[in-house]
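Please keep the model open while reading.

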Amino acid sequence: MLAVTSSSCGSSSLWQDTGDDAGAFCARHVGPDAHDVAAMLRVVGADTLDTLMAQTVPGSIRLDGAMGLGAGVPEHVALARLRGMASENRVLTSLIGQGYYDTILPGVIQRNVLENPAWYTAYTPYQPEISQGRLEALLNFQTLVIELTGLDVANASLLDEGTAAAEAMAMARRVAKSKASAFFVDAACHPQTIAVIRTRAEPLGWQVVVGDPATDLDAQAVFGAVFQYPGSTGELRDPRAWIEKLHAAGAIAALCADPLALMLLQSPGALGADIAVGSMQRYGMPMGAGGPHAAYMAVRDAFRRNIPGRIVGVSIDARGKPAYRLALQTREQHIRREKATSNICTAQALPAIVSSMYALYHGPVGLKAIATRIHKLTTILAAGLRALGAEVVTQAFFDTITVNTGVQTDAVIGRALDAGMNLRRVDAAHVGISLDETTTPDTVRAIWAAVSGDAARVAQVEAGLSAAGSTIPEGLVRTGELLAQPIFSACQSETDMLRYMRRLADRDLALDRSMIPLGSCTMKLNATAEMLPITWPEFCNIHPFAPADQVRGYARLFTDLERMLCQISGYAAVSLQPNSGAQGEFAGLMAIRGYHRARGDMGRDVCLIPASAHGTNPASAQMAGMKVVVVACDSNGNVDIEDLKARIAKHADALAAIMITYPSTHGVFEENVREICELVHAAGGQVYVDGANLNAQVGLAQPGVYGGDVSHFNLHKTFCIPHGGGGPGMGPIGVGAHLAPYLPGAPQDGGANAISAAPFGSADVLPISWMYMVMMGDAGLKRATEVAILNSNYIATRLAAHYPVLYQGANGRVAHECIIDLRPLKDETGVTVDDIAKRLVDHGFHAPTVSFPVAGTFMIEPTESESRAELDRFCDAMIAIRKEISAVAAGELTIEESPLRHAPHTVRDLTDPDWARAYDRASACLPGAVHPASKYWSPVNRLDNAYGDRNLICSCPDMSTYEA
Ligand SMILES: *Cc1c(COP(=O)(O)O)cnc(C)c1O
């Protein structure tokens, strides 16, 4: 039996059973074994997987032959290879700063959050009842940000500091009274931040003015400005006067602020800023060669409805008890499609949770002590350097100083390297030095020696130093209480910390408990072997701008990944820079824009998007300066070819691109995708294929071959990076050779089209996808696709007798996901999609995707990782729910009286002394085959969203305020 399974995953017969089986990992990644596959094929009515694929994937796009990745390897072999690469990275003491600092991730947080599948395999908390743990942690994050920034509302994370600053610019344009079209950027912003802002401003026609705010800020000429606080090379300036000037002109002021410095500095809110952004990286998340880290954004209350990203809020449940949920969800930008001003979808939930736990771990006293210690070490560093005769240019600083090297920068950096340290090369005459939580007195001594070149004098100079005072100007010293909310002082001991994290994790449903059949999200196995490398020091303790000769291992990893993504997709080149699918969309559209413009095609700005597209598509097109023209879909859910032809004819000369999702968001392989691509190409347009559904194609079809010019790959969907409860993700893009010149450049060098703050996005999670591809190999990857399609067809077949399946392909097959239509049931009985979604919780399941892409439907995507038993458990639950709907239809009880409307049921229901429902508690709490010993209890009853939106609370409440 094992042999059958393995060979379908790709082992060769010669070496079978010799212990180095190419299919070993694949057989663990893919849920159903060969016998299950055979049985499931009988249910769906296909002889073999090949037959099913032939019925599902159009012959015109089928890949014949292998992709070229070779055979898969077992877990330990892949890990050993990766170890080899990791050992080619050299971990030096990083003093580079520039937005990335070494930090100490407490072991209890590393093991119990970052490395804990209960946290990292969770989905974005759209279903609040099963997400109370991560929602509470994210509310702590928002409270932390609000406290640090002195502003009123914070979101639950953005992608990185550079994009957060660009989001601040876009928000400023939206809310500013000023009608000016320029945005001012402090020259003291990090270079990568300036590069990302330039990329985002260009297609929207906003001019970016970079300069010294003290001399170059013309407030009348701008709609807003961003200042770095403290500046990139360390100088701490008081921005009050600049902010006042902006406000007088009706412009918006944003501060890019270091959250650790903010423990000691006046808050952006107190200084008058409207917006604060920055990176929470140094709150415990390793540098990871660029990420993942949580960026933050906080705004004044007046702008709460304009802040991009997700906000966690407090509401009540059906029993009036406090409960968390995402606030003002309809305000989420990408839902507004072409009216959106931001495309942020996947953000950085897991890194945000880690940062919030770091703040809880240290508490306000501990955080202040860390910041104070770093500042003190920096003052000692500066005093010693001056005593050694060096010119320290920076006068007021927190943790970073700039030193005049007298055009000896190379020599100074060379001596630092010899001592195992990286300094920042500012220019030929200056180096930058940033200290951090890990800095010791020995580090300071080593810097003295390296900068002065006079090691012999260091001890003598040290002996003569007296304690230096703070260099923070009096007007910028923070006063008042910080982080006084009880939660930040609740975890004094590791025991407390451990139990708090466990308590929150236990409230949530993640992949470690049950299938999460979310259509379009591809919640597949995140194998432990894939996850192990992310905390290897050689990957996570690397600065994103470390010298190339220290990151040879990373370079090999990137090259390998790019090659494998090209082999899988059929594209010619890949950029690993975008930090999410939506960022990939924007990067890809910018490449298309660059291509047209380079050819003198300045007027091509129309982007065709089918009505069924994900909201990020039109949002990204808008950000890339394109006009969105919607193409209709026909009754089968396919792009309406006649409508497409008409739109192309109408916009022929202005056609920039079409964005299609393949297989479509309706879960169908359109037969005429080649024709669609050809029509657009013939009119001079480019084809963007949204790669979110690549899990239905790997090994079977290649977007780069059937007509795509560019695609993004959601590594957090198809390629096993876990969702983290709403991020991190990675959205690299693949392009045809003609678009390769327009891929994102290196942000730290001001490269064109920079999309993220770091050149390889969230590099630290790339080993996850590398491990997956290498362990699966050609045959394993193809097998995964085939079984993903089989699993989806199996569910469609089993449910078809109970719920109508909305769209099917030419042969009656669905792709890797299927939509079931719940609207007829609603018309008949009043049951809503929410009723069914919440009743699934009683059965221990996370709901499928609700009302996307069609309102009133479920989109179900099981992925290849779910076993037949789990699929059956889900189908049985859906069928049991259907019976409850039938009881309503038969008039046995009303929908209001039914368990559907009261779901999910909680321990409060079980112990309610006044139980007077039309159904019994056992069927409410233990429906179907739910075993009492493995019952998942939703910690709250159904959320009241309207209440929460009317009474907006987005930070840790004072318990008494809502218990009353
Ligand atoms: C998930 C998804 C996206 C957006 O990806 P993010 O990584 O969340 O930004 C875009 N299109 C489709 C079809 C998706 O499913």
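Helices (H or I, at least four residues) and strands (E, at least two) are taken as DSSP runs and numbered from the N terminus. On that basis, the segment 784-905 is 49% helix and 8% strand, with its end C-alpha atoms 36 Å apart. UniProt lists residues 784-905 as "domain: Glycine dehydrogenase C-terminal" in an unreviewed entry; UniProt positions are given here in the numbering of this report, feature names are shortened, and annotations may be inferred rather than shown by experiment.

The model is predicted, and local features need pLDDT of at least 70, side-chain atom pairs count only at pLDDT 80 or more, while totals for chains, interfaces and linings use all residues. Residues are numbered from 1 along each chain as its sequence is written, and side-chain values use heavy atoms, with hydrogens and water left out.

Burial is used here in the sense of under 20% relative accessible area, against over 50% for exposed and partly exposed in between (1.4 Å probe, protein chains only). Strand S6 (residues 252-257) has 6 of its 6 residues buried, with Ile-252, Ala-254 and Cys-256 on one side and Ala-253, Leu-255 and Ala-257 on the other. In a regular strand the side chains alternate between the two faces of the sheet.

Two strands count as paired if DSSP finds at least two bridges between them. S5 and S6 run parallel and are joined by 6 bridges, whereas S6 and strand S7 (residues 275-279) pair in the parallel sense over 3 bridges. Cys-256 of S6 is the bridge partner of Gln-228, and Val-277 in S7 is in turn the bridge partner of Cys-256.

Of the 11 residues of helix H10 (residues 191-201), 9 are buried, so H10 is largely enclosed by the rest of the structure. The buried residues of H10 include Ile-194, Val-196 and Arg-200. In terms of contacts (heavy atoms within 4.5 Å), the cover over the buried residues of H10 includes strand S3 (182-186), strand S4 (207-211) and helix H22 (581-598).

In helix H6 (residues 107-114), the residues Val-108, Ile-109, Val-113 and Leu-114 are buried. They cover an arc of only 155 degrees around the axis, which puts them on the same side of H6, the arc being that of the directions from the helix axis to the C-beta atoms. The buried residues of H6 pack against helix H7 (117-120), helix H14 (349-387) and helix H18 (494-506).

**Cysteines**

A disulfide is a pair of cysteine sulfur atoms within 2.5 Å, and the structure holds 1 disulfide, which joins Cys-9 to Cys-26 at an S to S distance of 2.0 Å. This pair links distant parts of the chain, with Cys-9 in helix H1 (residues 2-9) and Cys-26 in helix H2 (residues 24-29), 17 residues apart. Cys-256 is in no disulfide, and the nearest cysteine sulfur, that of Cys-189, is 5.5 Å away. The sulfur of Cys-566 is 18 Å from the closest cysteine sulfur, in Cys-677, and is therefore too far for a bond. The table gives relative accessibility.

| Cysteine | Relative accessibility |
|---|---|
| Cys-9 | 3%, buried |
| Cys-26 | 0%, buried |
| Cys-256 | 0%, buried |
| Cys-566 | 15%, buried |
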